[in-house]
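Student: I am new to this structure and would like a close look at one part of it. Please take me through the place where the two chains meet.

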Amino acid sequence: MSTPERLRIAGGTVHDPANGVDGEVRDVCIQDGRIVATLPPDAPRLPARGLVVMPGGVDIHSHVASSAVNQGRFLLPDEREPVPAPRLDDEGDAYSGTAGTLPSTFSTGYRYAGLGYTTVFDAAVAPVSARYAHAQLDDTPIVDGGFYALLGNDDYLLARIAAGERERARDYVAWLLGAVGAYAVKIVNPGGIALWKAGGRDLRELDAPVGSAAVTPRAILETLADAAAALALPHPVHVHCNNLGVAGNAATTLASMRALAGRRAHFTHLQFHSYGGEPGGQWSSAAREVIAYVNEHPEVSCDVGQVMFGAATTLSADSPVEYLLHASSGRKWLNVDVELETGCGVVPYAYKETAAVAALQWAVGLELFLLASDPWRVVLSTDHPNGASFTAYPELIRLLADRAYRDEQLARVNPRLLAGSALADGLAREYTLHEIAIVTRAGPARLLGLANKGHLGVGADADVTVYARDADLARMFATPRYVLKAGQLVVEEGQLRRAPAGRRLHVRPGHDASIARDVERFLDQYGTMSFANYPVGALRDPPVAVGGP
Amino acid sequence: MSAAERAVEHVMCLGCGCGCDDITVRVRDDRIIAAERACPRGAAWFGDGVVPARSRVEQHDVSMAEAVAAAARTLARAARPLVYLTDDLSCEAQGECAAIADRLHAMLDTLSTSTVLSSLLAAQRRGRAAATFGEIRNRGDVIVFWGMDPAARYPRYWARVAPAPAGAQVPDGRRSRTVIAVDVGDARGPDDADVRVHFANAEEEDALAIMRATVLGRPPAAPGAGATNEGTLVADAVTVATTLLAARYAVIVHDAEPVPGRTSDAAEGLIALAQALNGPTRCALSTLRAGGNRMGADAVLTWRTGFPMAVDLARGAPRYRPLDGAARMLERGEIDAALVVGVAASVPESVSGALRTIPCVVVGPRASENALGATVIIDTGVAGIHEGGMAVRADDIPLPLRPSMEGPPATVDVLRALRSALGGRPMPLAAGSAP
Amino acid sequence: MSEGGVVLTPRAPPGASIEAECIAPDRFAALGEREIAALPVWQGARMATLGDFFAVRGGRDARVRIDGDVPWAHGLGTAMGGGALRIEGSVGHAIGAGMTAGAIEVRGDAGDDAGVAMAGGVLRSEGSAGDRLGAARPGASRGATGGEIVVLRSAGALVGAAARRVLIVVCGDVGMGAGRAMIAGSLVVLGSAGAGAGRWSKRGTLVVVGSVAIAPTYRHACTYEPPHVRLTLTYLRSRHALAIDDRYVRGRYHRYSGDMAELGRGEILQWAAT
């Protein structure tokens, strides 16, 4: 059917956790791209009896549009498969592309929509390259999207902290997010990238100095978390802790959480930060300890960053980690030191179920999910493409919701490092459809402060996914029957039919005007571009309101 | 038009890949009268900004709409069309080129395949150890100019990136840094160097291997028997490697474009050396590229197709054929029509020669002055002078283009009209007919 | 090959070359004559059929013979997983690319990229081979990962570049960059090797009977009778019916280890003429 301005999704079984709807048969009414309470009886109907209706998926942490992502695409010509342009209904533009761990932009949008996801955030964009990210998002159709600006290794901020001017961070963050059209603050390996660029290696302790004694990972975390809170940003600081991927790093992770105790903070790809043991020694799972802290602290949220077996591409601003991966694996390695701000590293990788560490990483992720007491604060991600491609989400959902299947998989993996882990001891929990709806849409939308996403209440964006029930949940979630984006049917009968442009999600908090002059002086002294060319200028879509409810 | 003088500030220059964006362009009487702070190369690129605005079909002046319709007919008839991107295009225009190629199931290629192929392929095989200009400015304390003097093709690199400017870790600029000139064949490094060595073209990759082996702690023990030059080669290479190892942040600057006087291919060795230096110290390879937003073409093609150049869309989806790009396909007579977008004068002889023998559409600045014998010619503006959008510096930093003048129809608008004239769907595949 | 099997007889050479990845014997085993003739072949952006370029005789057989010269046909045997493909003349580029099993025999010359990224099986050319024999796809860091390649005459540049676990023997000379960036595997050259042999090799073994320039980042280790060379050459003699002189099988070789600019665990073994 064509897309009418009004549509009644009739008689489906609705899972809308944000509105307390858990599997009730009811209609979902759509008008002009929004959910409305009622429609006249003669409004067009989409029969959904027997089908499962959920809000569109929301990906809180992915890598799809940064300059680093494009460097990764460039680096891996040999892993790419051609994907012809979809045949769309409305004479709309459709483009071919390539698949792989890093699909081309149009293919990325089509594939997310094909999985029922309608909102995606790129979690790591160097502010100086923000223009590049907007250009790629412009070419990523269907999904609404935005990105987080990389902070916490930027020389301007570190200099303010060193000078004891932490309060300047608030205005700086406000100015920067608005200037580059970002949505949130991302902290990657606070201080660790700056140290690596200066020739340092290890930054193991939260109180280790970065250049100046006043500048420590703890100071960086506090400063930026306070700034985000003071600005009442819709999403709190999005933290990638120090010591990613190192045995024993759970201690660092817990210390980072305690450092921000009482402040809202989102800890990303927690799986990569929940290992016991000693650096350089034996690995073990520390998922129990880490998730116990999360469970007890409602101000903390996380996404898991699940590892799935198969090809991946590790891609991160955490360039010292990428260097170590290159050195240990001998695989090709791309590094870019990004002026005054951050780093960028890319190394292709494969998680093999026969490998003890990969099996442990897989298990740690599942443990975090299965031991979480509040699914609203422990949401789904694979840190695409680091732990796995986002196309593995349906398979991950099956692992969470189907114990028999999970145990079958567990029996196949290398058990060497799993002794004593919760998963090996037996975890009976199976995610319900309601919980799946929380960790894939309602939860991330709430954590992102997106009032109109992740639910089907009146006034919400009409981003809706309709699934046909299937005993195999991987199949069910891989091929939604219908997907609506802002009320438009983009997937019908499992086929992509329309590919409208998505909206840009970004914030523009107010700030003291003097901060721009101060940053300008700094960039004139140390940068290589005109300050006037740093901001990306006006965006087509208006900013999301800041200031909180 | 007003005779008053206007000035546009913070203009990005596309005269080379350095992308200096501190230019003030002064315009009077519809002419650029000054490009302040531009180097001679940049000033020549800006010129007076006067460009023709003609649309021609078979040597007759026509309206732009007629020319677009004729272009669409020419391209739609082709069995094996080529879409070829050359200089002075915004990223937005480059994206439109890719979209048209997708629709035509064309071969999509750029200048990169004819100029920087070995550098890009080496980076794909091994990766990169790179840094943006600002890191080099602020940190680089040992700067190697490898087989190139930036004064020739990147005139402001010395003053804006390294070694001249002061940086956070190198407060005294040139005096805080050691400069090494590596002359290769007839290609000389800069005159103002603290250390100078020379390698013959044939020795270049050996020299890089010796340097990398030295960095890895396995220098050649002694010169091999026979070759009298080998002693000097090893000694010089070890000297440079040792100096690099003593750096806090080493930078190796090279030119990815073909350099006169150099016949050897150092791309892989330079990457390998720069990567190895990141064990014992830090190192970045600064890879310079020509202007015209060629980096942008690599970037745009990569995000849209997955590949930076030589993308064959014949089967309706991208396939990568960098070793068999436009020049070779033209040489074999496989291409039967072409759309050239950008500065026609930049098209290398290996491509332009064959273009004169097939139906060809040229859309770009001054197309009517150098039209490759084209059937259809549409003059457009120059990105960064008449057209806005985004461009990418040689270090992958994106910048806005700030047009200073009114110009002919914008390239991106002409391309959109052309795409629209080509119809709303990918071309159907012709199946089954005999050859 | 005995009578029987599928025979493809080339029609007149087409104006433009074709890409015929569909010619893969293991897939022919399940197809009848007409189905084979209807398989898709690409000529530029035009999709045609195999029957447009070949007269097809036979079907449902994993033995395939092309009885003529087809230098204009590229990509034959791509990713083939079994069966036998014999070409009675010369063939175009990328024959056997990514093949995993089975046997390909070319009576004439093979073009560029023969056996590129192959993982298993045997590729044999009784004539010469072009550039990048058994090497990696463009931009890939890993080339052939298994299988055997035999070329009775010469081969072009970059033979075995970035290869892992492959055995390649070229009975004549090879061009520049033989064994470049090899990760592992063996490359035997019974003629001479061009400049840059073994550059950036990690663990590869490069045996050269004729002349080869040794890069300064290789170190002379010893001169001896390497048992693995004797084993390899003896194997090649019997397995591939190659006439390899006893002087080479039992001879002494200079062993150079390198490339010291990489892991340094590779070697160049140059026959010591006396």
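How much area do chain A and chain B bury between them, and what share of it is on carbon and sulfur atoms?

Tutor: This is a predicted model. Chain A and chain B bury about 4900 Å² between them, and 49% of that lies on carbon and sulfur atoms. On the side of chain A, the residues that lose the most area to chain B are A:Phe74, A:Tyr132 and A:Thr528, which together make up 14% of what that side buries. Counted by residues, the contact draws 59 from chain A and 58 from chain B.

Polar links come next. Across the interface, 39 residue pairs are in polar contact, both residues being at pLDDT 80 or more. The side of chain A that touches chain B is built from several elements, each supplying at least two residues; among them are α1 (67-75), α3 (130-138), β18 (333-337) and α17 (514-526). Of the elements of chain A, α1(A) gives the most to this side, with six residues. Sorted by class, the side of chain A that touches chain B holds 26 nonpolar, 18 polar and 15 charged residues.

As for charged pairs, there are six salt bridges between chain A and chain B. One of them joins A:Asp139 to B:Arg304, with the closest N and O atoms 3.5 Å apart.

The two chains also meet through strands. β18(A) pairs in the parallel sense with strand β8 (residues 127-131) of chain B, over five bridges. Within β8(B), B:Arg128 stands opposite A:Leu334.

Note on methods:
Residues are numbered from 1 along each chain as its sequence is written. Chains are lettered from A and ligands numbered from 1 in the order in which they are written. This is a predicted model: local features need pLDDT of at least 70, side-chain atom pairs count only at pLDDT 80 or more; totals for chains, interfaces and linings use all residues. Side-chain values use heavy atoms; hydrogens and water are left out. Contact means heavy atoms within 4.5 Å. Buried area is the accessible area (1.4 Å probe) that two parts lose on being put together, summed over both. A salt bridge is a side-chain nitrogen of Lys or Arg within 4 Å of a carboxyl oxygen of Asp or Glu. A polar contact is a pair of N or O atoms within 3.5 Å; within protein, one must be able to donate a hydrogen and the other to accept it, and residues adjacent in sequence count only if both atoms are side-chain atoms. Helices (H or I, at least four residues) and strands (E, at least two) are DSSP runs, numbered from the N terminus. Ala, Val, Leu, Ile, Met, Phe, Trp, Tyr, Cys and Pro count as nonpolar, Asp, Glu, Lys and Arg as charged, and the others, Gly among them, as polar. Two strands pair if DSSP finds at least two bridges between them.
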